[in-house]
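Work through the exercises below with the model open. Try each task before reading its solution.

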Amino acid sequence: GGILESFNGGYSWEYLDKRLPIKAKENLRCFFLRVSPFDKNLIFGSIEADDKIKTNLFSKDAGKSWKKMNLKDNLDSGSIMLFTEDLIYLGSSTGNLFISKDSGENWEKLKFNIEGLVK
């Protein structure tokens, strides 16, 4: 197991694991991965290591370094991320909605009345 990346269109691959802010002894699984269409250096992901704890991560330098996200909800295949030039919207699979105004450094939970929107 592990997460691999390529910087030459898939001609060669290398393990990403050694640059992550967590250490896995054996398997590392990726549950979520998104790249901003406005900034190819901005990448978001969620991984699970040996201890079965998911960690949300992001990179602002195309994967050369990674930081843990300041977000309590776990990202997974049911999560949705919408990018604009200035904002990032995130919908988690738990139904929570978030917004980031600083390229993913900080996340604010959006609050609204869903019943009022669907009437």
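**Exercise 1.** Find the bridge partner of L90 in β9.

*Solution.* This is a predicted model. Start from L90 and cross to β9: the bridge partner there is F98. Next, look at the two strands. β8 covers residues 88–91 and pairs with β9 in the antiparallel sense. The pairing runs over 4 bridges.

**Exercise 2.** In what order do the 4 strands of the open sheet lie, and which are the edge strands?

*Solution.* Read across the sheet: the order is β7-β8-β9-β10, with antiparallel pairing. Now check the ends. β7 (80–83) and β10 (108–109) each pair on one side only, so they are the edge strands.

**Exercise 3.** Is S100 buried or exposed?

*Solution.* First place the residue: S100 belongs to strand β9, residues 97–100. Then take its relative accessible area, which is 0%. Buried means under 20%. S100 is therefore buried. Now list what surrounds it. Leaving out residues up to four places away in sequence, S100 touches D86, L87, I88, E105, N106 and W107. Finally, check the side chain: S100 and D102 are joined by a side-chain polar contact of 3.1 Å.

Conventions:
Residues are numbered from 1 along each chain as its sequence is written. This is a predicted model: local features need pLDDT of at least 70, side-chain atom pairs count only at pLDDT 80 or more; totals for chains, interfaces and linings use all residues. Side-chain values use heavy atoms; hydrogens and water are left out. Buried means under 20% relative accessible area, exposed over 50%, partly exposed in between (1.4 Å probe, protein chains only). A polar contact is a pair of N or O atoms within 3.5 Å; within protein, one must be able to donate a hydrogen and the other to accept it, and residues adjacent in sequence count only if both atoms are side-chain atoms. Contact means heavy atoms within 4.5 Å. Two strands pair if DSSP finds at least two bridges between them.
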